[in-house]
Amino acid sequence: MVRRTFLRDTALTMFGVGMAPAWLSRAAMAGAARKRVLVALFQRGAMDGLHTVVPYGEKRYAALRPTLAIARDKLLELDGLFAFHPALRPLLPLWEQKQLAAIHATGSPDPTRSHFDAQDFMESGTPGRKSTRDGWLNRAAGPGGASPIRAVSMGGTLARSLRGANPAVAVQSIGSFQVKGGAGNEFLSMYGKSGDAALQGTGKETFAAVQLLETINKSAPAPRAEYPNSRLGKSLEQIAKLIKADAGLEVAFADSTGWDTHVGQAAALERLLGDFARSLAAFHQDLGTRMEDVTVVTMSEFGRTAKENGTRGTDHGHANVMFAMGGDVAGGKVLGDWPGLEPEQLYEGRDLAVTTDFRDVLAAAVRRHAGNTDLTAVFPGYKPRLFPFFRPMQ
Amino acid sequence: MYRIWTAFFLASALFSGAPKSSSRLSKEDQILHAANRLTFGATPQDVAAIRKMGMEKWVDQQLHPETIAENPALTERLRALDSLGLSNAELIQKYPPPQLIRNKKKEDGEAKAETMAARQAVRKVYTDLAEAKVLRAVHSNRQLEELLTDFWFNHFNVFFDKGFDRVLVTSYERDAIRPHVLGNFRDLLLATARHPAMLFYLDNWTSVSTDGLPQVRRKAMAKQKRAAGLNENYARELLELHTMGVDGGYTQKDVTEVARCFTGWSIAEIREGAKFQFRPMLHDRKAKQVLGEVIQPGRGEEDGLQVLDILVRHPATARFISTKLAQRFVSDTPPETLVAKMAATFTKSRGDLRAVTRTMLTAPEFWAPEAYKAKMKMPLEMIASALRATGAEVSTTAALQQELRTMGQPLYRKVEPTGYTAMADEWTNSAALLARMNFGISVASNKVRGVRVDLDGRLDGKRTAAEIAEALLLRRPAAETLAALESNAGASPARVAGLVLGGPEFQRR
């Protein structure tokens with residue numbers, strides 16, 4: 001069990017009328033204003049990267065996917081080899097502004113094709129090691145910072161990536177993140193002094209966040225973009241709200257589900273990729289120039305078989321594609337070494353091979369956001385080679 | 001190795017009620033421990049029953065739910081949820097799932113209103129199931145059976161909202177899971193393997209070999225772009241989640257071979273009622289090898305049955321099942337000695353789940369101080385325990401289902417085949433904790449729709465914060481709990497009760 005070291009005891013005030021605005025200014029005084037923000041986005045279920053950033057220029061592409069291959073005239077061509085799935089059209093403007101990059105053939109050195117293990121490894125940041133209790137994003141966030149919403153996970157559970165010793169809160173929706181019936185003080189006292197270490201730590205984090213989020217919710221302007229009414233769309237909308245409040249958010253996590261397309265994947269991915277693209281595009285538009293110091297990195301536990309299966313879907317595979325979006329991303333390109341789809345080029349004769357360790361991509365984002373962090377502490381047992389997808393620092 | 005453990009098991013199987021270790025729980029703590037672990041939440045009635053009956057007899061009775069008279073009020077309530085008793089065929093007829101409606105609409109241009117009505121009908125299947133689960137958790141006299149049904153459903157999880165599963169989950173839980181939770185693991189495994197809900201959820205019904213088909217049919221299928229081939233989804237989860245565990249020692253090759261063995265395990269008449277059917281024409285009849293054992297060529301359904309036998313007697317399965325049971329009932333990190341005892345029982349009894357459960361509940365490790373209050377309640381356990389502790393009357397559960405969603409456990413709606421975990425990490429977070437506090441306050445002040453708490457009746461004249469807390473926790477509250485409760489001298493009993501239910505102590509079992 002990870003025991004949380006809680007560093008904000010002094011900031012825990014009693015609830016009361018007019019208290020909340022003081023919170024906001026305190027957060028601001030602590031240097032919270034206008035932080036760089038790293039947003040990690042997990043596509044659970046294993047997105048089919050070959051159906052997303054399509055290697056249409058590969059000789060074997062059509063043969064591997066007799067019913068799934070997308071017709072050339074429908075594809076959104078990016079270069080001579082790759083094209084976007086048509087549902088990614090909302091992302092084309094960002095691509096042209098070079099604020100979006102795709103990094104192909106990324107993945108884990110661990111061979112597992114278990115969703116559960118692969119997600120666990122990707123979120124812990126330690127492929128092959130199950131004993132790691134905390135997540136890479138929690139370690140990347142580090143202990144410092146005064147804001148109770150420094151690290152936020154969208155949804156009813158705290159993502160594995162954000163679990164660990166450093167404070168992090170799970171928020172389902174900003175508007176409903178409140179204690180009912182004015183019972184805040186008694187609960188605060190009960191949890192704050194509880195001998196139950198796990199509940200005490202989480203309880204304190206909760207109350208600090210409650211007070212701040214109440215203020216943010218009252219003062220937040222309407223979004224400047226239309227988000228899809230989906231889990232991902234709503235999550236990104238709320239993250240944008242937190243970013244615009246300049247209340248100390250530094251890392252955020254969101255996820256989407258349903259990517260495990262064993263059967264009839266064309267229709268499923270049409271919908272999922274459309275939601276993905278519209279959500280990201282709305283987030284980009286909503287943040288406007290604030291996007292300058294925001295980076296979104298996407299990941300999915302593994303890719304899918306190069307060859308389609310017998311049920312017009314794909315089975316569990318190996319390498320995948322990651323996206324990076326942000327104001328200082330050197331985008332407009334499909335990055336990464338492309339391993340090819342010839343039989344001898346495939347991993348175990350069936351899956352796209354990994355040429356870039358996913359940790360090299362995440363580590364580059366952590367370095368850009370947190371500066372001189374010790375990256376081997378974020379990715380224990382590994383020496384990341386920073387994958388160059390940012391523009392050089394100015 | 002197993003022999004030694006078996007001897008140990010036999011020696012310790014006679015229930016003593018008191019652990020042999022040096023530090024031990026007091027008798028009162030043992031009673032509360034049992035009442036919290038073998039039920040969805042201890043009530044004064046449970047505690048009284050254990051006192052009256054004696055621990056050994058009470059545990060034994062819970063292990064034999066058929067000997068416990070069911071709560072007649074519950075039986076009456078369940079009878080009113082009419083979809084629970086219907087067969088797949090009746091369900092599909094009465095409550096067709098959306099894709100059937102869509103298809104029908106395309107065919108005959110059915111009016112929109114009719115589609116809407118049908119959608120409402122589909123919702124009824126879900127609300128009946130979810131309502132029954134909550135009502136049983138709160139009101140059933142066969143509490144251990146309910147906990148085990150919840151445990152095994154999660155172990156063999158299916159997702160309600162995947163297409164046809166909307167009409168198949170009712171029978172899945174009723175016919176494939178519930179009858180076997182204290183029966184034999186192989187029967188349970190086979191029942192899930194053959195049930196259309198699982199065949200559909202993990203796609204095995206679409207996994208076929210076309211080798212045996214006449215050329216003309218293969219061509220026809222290709223022409224219609226009919227999908228035909230192997231799908232590994234079920235095979236992988238069968239090994240990883242249902243039997244051996246991810247570290248059980250199988251390879252990718254084993255997964256593919258198991259998938260080949262299960263080709264042809266399919267669903268007949270999915271649009272009319274969905275029954276298991278083995279389709280010999282679509283079965284891969286070539287030889288295979290699974291975990292080093294040869295599967296002879298030229299056979300049919302026996303291939304899958306042989307795989308199940310191999311898996312049931314594999315030591316990794318005995319360990320994996322024992323570990324998971326102990327994680328739900330004893331602690332997130334159960335002692336190795338306990339897992340070994342349970343696994344030995346599993347092996348010796350060839351998967352007798354009553355025997356394995358009994359080994360767990362009679363082991364000193366179950367009664368050790370380390371296990372006391374060691375488990376964080378899952379959301380359903382939290383909600384059911386609050387309703388049981390307050391003696392609440394539940395008329396409808398829609399609002400409770402919403403609470404479960406907010407706490408992170410929408411019933412029958414875990415998308416992933418892992419099911420909901422019993423591990424605390426998943427449930428210890430700010431969003432979920434806030435939801436628990438708010439639920440405590442709401443339920444005690446009668447603000448949860450469909451739930452009625454008669455607090456005055458339940459407290460029976462008890463007024464002080466200490467008395468109220470003890471009445472709900474069934475033990476004296478911790479000093480810091482009491483201090484917080486007493487900090488507001490004017491607090492009403494409802495507020496104090498709400499704080500207790502939403503407070504840290506009530507989140508443990």
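Modeller: Before we start, one term: a residue is buried under 20% relative accessible area, exposed over 50%, and partly exposed in between (1.4 Å probe, protein chains only). This is a predicted model, where local features need pLDDT of at least 70, side-chain atom pairs count only at pLDDT 80 or more, and totals for chains, interfaces and linings use all residues. Residues are numbered from 1 along each chain as its sequence is written, chains are lettered from A in the order in which they are written, and side-chain values use heavy atoms, with hydrogens and water left out.

Colleague: Thanks! Is D246(A) buried, exposed or partly exposed?

Modeller: D246(A) counts as partly exposed, because its relative accessibility is 26%. D246(A) also has a positive phi of about 45°, although it is not a glycine.

Colleague: And where does D246(A) lie?

Modeller: In the loop between helix 8 (231-244) and strand 8 (251-256) of chain A. Helices (H or I, at least four residues) and strands (E, at least two) are DSSP runs, numbered from the N terminus.

Colleague: What about N446(B), what is its phi?

Modeller: Phi of N446(B) is near 55°, a positive value in a residue other than glycine. N446(B) is found in the loop between helix 23 (430-444) and strand 6 (451-452) of chain B.

Colleague: New topic! How many residues of strand 10 of chain A are buried?

Modeller: Seven of its seven residues (320-326) are buried. N320(A), M322(A), A324(A) and G326(A) point one way, while V321(A), F323(A) and M325(A) point the other way.

Colleague: Why do they alternate like that?

Modeller: In a regular strand the side chains alternate between the two faces of the sheet.

Colleague: Which strand do five bridges join to strand 10 of chain A?

Modeller: Strand 5 (residues 100-107) of chain A, and the two run antiparallel. Two strands pair if DSSP finds at least two bridges between them. I103(A) stands opposite M322(A) there. Strand 9 (residues 294-299) of chain A is also antiparallel to strand 10, with three bridges.

Colleague: Now the two chains: how many residues does the contact take from each?

Modeller: 52 residues from chain A and 49 residues from chain B, where contact means heavy atoms within 4.5 Å.

Colleague: How many salt bridges are there across the interface?

Modeller: The rule finds five; a salt bridge is a side-chain nitrogen of Lys or Arg within 4 Å of a carboxyl oxygen of Asp or Glu. One of them joins R350(A) and E232(B) (3.0 Å, N to O).
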